[in-house]
Structures are given as C-alpha cells and as structure tokens.
Amino acid sequence: MTNPFKLVFSNFKFIALSIAIFTPMLIGLLIMSEYIFLEPYVVGHLPTGTEFGFTLIVILSILSAIVIPMNVFRIKLLHNSKKKMGGGIAGSIIGAAAGACSCGPVGFAVISTFGSVGATATAFLTNYEIPIRLVAIGILILTYFTTAKSLKVECKINS
Amino acid sequence: MNKKGVIIGVVAIAIIVGVVASFSSTPAEPLNLDMSRNHGTISTAMASPILGDPNAPVTIVEFGDYQCHQCYNWFHNTKPSITRDYIDTGKVNLVFVDMAFLGRDSSPAAQATYCAEDQGKYWEYHDMLYNTQEDKIDGGWANSERLKAFAFSMGLDMELFESCLDSGKYSKRVQYNTQQAREHDVRGTPGFFIVASDGQLQIAGAQPFSVFKQILDQLV
C-alpha cells in the first residue's frame with residue numbers, strides 16, 4: 001500500500017517547497033498577529049490569553065505546508081487537474097485573513113482605504129477570528145484526506 | 001417718549017433675562033484643558049489627564065481604541081509592570097490619546113471617558129473599559145446603555161454623565177485626538193511614542209514589557 005505522505009516527501013524538492021511555504025507563512029502570520037515584533041528590537045511575545053490563537057496559526061502553517069506540496073505533486077508528476085489544489089489554497093488564505101486585520105496596521109489600512117465597508121469586513125474577520133481559523137483548518141484537513149486518497153488510487157493505477 | 005421708554009425697558013429686561021438664563025444653564029463642568037500641552041511633536045491638549053508625575057522626565061504617549069484587542073492585551077500584560085516600575089516611582093508619566101477607528105462604538109466609548117473626567121474619574125473609567133472589554137467589535141458591550149451602566153456602577157452623577165454623553169459634548173475632542181494619530185503616522189493600535197527631552201521614539205503594537213524597559217532604562 002502506497003503511503004502518499006512518504007511518497008511526496010521522499011522527494012527533496014517537495015520538502016524544500018514545504019519549508020518555503022511553512023516558514024514565511026508562520027513568520028508572516030505571527031508578525032501580523034503581533035506575536036513577533038521587528039522594531040525597535042526583534043522580539044517574540046505570547047501574551048496571556050492568546051495561546052489558543054497562536055496554536056491555531058502554527059497548525060494552519062503546518063497543514064498548508066503539507067497539503068499544498070501534495071497537490072503540486074499530483075499536478076506535476078501525475079499530470080492531474082488543478083481542481084483539488086483549490087482547497088489547499090483556499091484554506092490557507094482564509095486562515096491567514098482571519099485575525100490578520102484587527103487593530104494592527106493591516107486593519108487600519110483596510111479601514112482607511114475602504115471606509116465603512118472595510119470597517120465591517122475588519123470587524124467580521126476580528127470577531128470571528130477563531131471560528132474562521134478552525135474552518136480553514138477543517139478545509140485543509142479535508143483537502144489532505146481527499147488528496148491522500150486520490151494519490152493512493154492514482155499511484156496504484158500508474159504503478 | 002413713553003413708547004420709547006417701554007421699548008428700552010423691554011429690551012433691557014430681555015438682555016438681563018438672557019444673561020441670567022445663560023449663566024444658570026451653564027453646567028459647572030470643569031474642562032481643565034491646557035491648549036498648549038504638547039509631548040514632543042504631539043498635541044496632547046485634548047488627550048487624557050497625565051497619569052503619574054507631570055514633571056517626570058519621560059512620557060509615554062499611548063494611542064488606543066477601547067475596542068482594540070491588542071490594546072486590551074497591552075493593558076493587562078505590559079502596563080501593570082510599567083506602572084509599578086516607572087509611573088508609580090515618578091520616572092515616567094503616561095498620556096492616552098484616542099484613536100477611535102475600529103467600530104461605531106469606539107468614539108462614544110472614548111467620549112464617555114471624558115464625561116467621567118468631568119467628575120474626576122477619567123482613569124477609573126478608562127480602566128473600567130479595558131477591564132470589561134468583550135471579544136466582539138460593536139457587539140454591544142460599549143453601546144450607550146452599557147457606557148451609562150459603567151458610570152452608574154462607579155457612582156458617577158448620572159444626570160451629568162448622561163447629558164454629557166447624549167449631547168456628544170466630546171465628539172470633536174475624540175476626532176482631534178484621532179487626527180493627531182493620523183498626523184503622526186500611527187497605523188494601528190496600540191501605538192506609542194516615548195517622549196524625552198532629547199527626542200521621541202515610536203513603538204508600534206502591544207509590545208512586551210522587556211522592550212519598554214530596555215528603552216526607558218536608557219532615558220531615566
């Protein structure tokens with residue numbers, strides 16, 4: 001029985017792709033959510049009461065770094081359609097957007113640019129930050145299993 | 001002649017009544033605004049009263065929104081240590097400047113703090129808002145009824161507080177403060193300026209105590 005995870009990540013190129021997705025995504029989300037500050041000093045900070053949000057960001061980054069390379073593998077090596085790639089990308093974007101707005105620079109820029117529509121969108125993304133991230137994680141998990149299942153079938157046929 | 005005298009008499013009485021009425025209807029509300037007050041390049045004339053020793057060599061100017069979660073985090077995780085080590089010891093003072101931009105309840109919440117200031121309770125009301133902040137922006141926790149309920153629970157004169165809040169007396173004051181934030185390129189809340197005699201340093205975000213300590217120890 002083929003293990004899709006091992007199959008994909010036995011190739012160094014896909015490990016490199018996974019790291020290239022995980023690292024900037026994690027660091028970017030941690031900066032936007034104010035867990036990491038770059039000025040005036042580079043410092044990490046996990047305020048009391050924000051541990052759950054931090055954990056969700058880490059899970060989201062790990063899942064994105066697994067699901068997206070698996071889909072790229074399907075497309076490149078098995079010459080399959082790009083349809084299933086959408087789940088991975090969508091999950092990552094939805095998860096990244098949640099909570100990134102809030103009262104930080106992104107939220108302020110959105111509200112300043114788009115006025116009341118931006119304020120409504122920012123309030124929504126802030127108010128439902130945790131549920132949105134959970135939905136994004138759900139989408140990524142679902143995408144992982146459907147991709148793994150199809151890889152099992154397709155690899156069997158191809159071998 | 002008689003007609004003229006009557007007219008003059010009526011006008012004189014009207015003026016007297018008008019003057020008396022205007023004095024009696026002016027509420028005895030101290031404004032305590034020092035219009036020349038600046039900290040560094042920031043006009044803090046319309047901002048909060050100074051927390052701590054007004055003669056402290058360093059001032060932290062905080063730009064914040066009462067609905068901002070990161071401001072809540074800073075209030076609970078960083079500010080207590082700054083208060084203990086720097087404000088209570090007279091080394092540093094703090095001024096809060098409203099940057100009310102997150103939602104429709106942000107400005108009324110900021111205005112309510114100044115209505116509380118009229119009764120000498122600015123910082124108590126400020127602390128009350130950050131202690132009772134709820135997760136949802138515009139979720140109702142800072143609507144007009146709740147703002148009045150906070151005032152009631154603090155034992156404020158409700159007639160004065162309600163007339164102040166309902167009239168929007170401090171609406172322009174909050175707008176002025178928010179404009180100060182924009183003019184100083186504050187792009188999110190909380191935003192800080194550490195102001196000393198030889199300049200000012202901007203800090204963005206709810207940064208930990210260690211960052212403030214590192215900067216303040218060089219200045220005091």
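How many of the seven residues of strand 3 of chain B are buried? Seven of the seven are buried, so strand 3 of chain B is largely enclosed by the rest of the structure. A residue is called buried if 20 or more other C-beta atoms lie within 10 Å of its own, exposed if 12 or fewer do, and partly exposed in between, with C-beta atoms placed from the backbone. Helices (H or I, at least four residues) and strands (E, at least two) are DSSP runs, numbered from the N terminus.

The structure is a predicted model, in which local features need pLDDT of at least 70 and side-chain atom pairs count only at pLDDT 80 or more, while totals for chains, interfaces and linings use all residues. Residues are numbered from 1 along each chain as its sequence is written, and chains are lettered from A and ligands numbered from 1 in the order in which they are written.

In a regular strand the side chains alternate between the two faces of the sheet. From strand 3 of chain B, Val58(B), Ile60(B), Glu62(B) and Gly64(B) point one way, whereas Thr59(B), Val61(B) and Phe63(B) point the other way; all are buried. Strands of a sheet pair through backbone hydrogen bonds, either parallel or antiparallel. Two strands are taken to pair if DSSP finds at least two bridges between them. Strand 3 of chain B pairs with strand 4 of chain B in the parallel sense over seven bridges. Along this pairing, Thr59(B) stands opposite Asn93(B) of strand 4, and Gly64(B) is opposite Asp98(B). With strand 5 of chain B the sense is antiparallel, over five bridges, and here Val61(B) faces Phe193(B).

These strands belong to an open sheet of four strands in chain B, with the order 4-3-5-6 and mixed pairing. Strand 4 and strand 6 (199-204) of chain B are at the edges with a single partner strand each, so one side of each has no neighbour in the sheet. On average, neighbouring strands of this sheet are turned by 20° against each other, direction ignored.

Helix 8 of chain B lies across strand 3, strand 4 and strand 5 of chain B and runs at about 110° to strand 4 of chain B. Axes are lines fitted to C-alpha atoms, for helices over the stretch in contact, and angles run from 0 to 180 degrees between N-to-C directions. Two residues are in contact if their C-beta atoms, placed from the backbone, lie within 7 Å. The helix has 13 residues (171-183), which at 1.5 Å a residue should span 18 Å, and its end C-alpha atoms are 19 Å apart, which agrees. The expected span is 1.5 Å times one less than the number of residues. The buried residues of helix 8 of chain B are Val174(B), Asn177(B), Thr178(B), Gln180(B) and Ala181(B). Seen down the axis of helix 8 of chain B, these residues fall within an arc of 150°, so they line one face of the helix. The arc is that of the directions from the helix axis to the C-beta atoms. Their cover includes strand 2 (42-43), strand 3 (58-64), strand 4 (92-98), helix 4 (106-117) and strand 5 (191-196) of chain B. Lys172(B) and Glu183(B), on the other side of helix 8 of chain B, are exposed. Just after helix 8 of chain B, Asp185(B) has a positive phi of about 60°.

Elsewhere in chain B, Met128(B) lies in helix 5 (residues 122-132). Met128(B) is partly exposed, with 19 other C-beta atoms within 10 Å. Leaving aside neighbours within four places in sequence, Met128(B) is in contact with Phe150(B) and Met154(B).

Between the chains, 29 residues of chain B are in contact with 22 residues of chain A. Helix 2 (69-77), strand 6 and helix 9 (209-219) of chain B each supply at least two residues of the side of chain B that touches chain A. The largest share of that side, five residues, comes from helix 2 of chain B.

Chain A contains six helices and two strands, which run α-α-β-β-α-α-α-α from the N terminus on. Of the 159 residues in chain A, 36% are buried.
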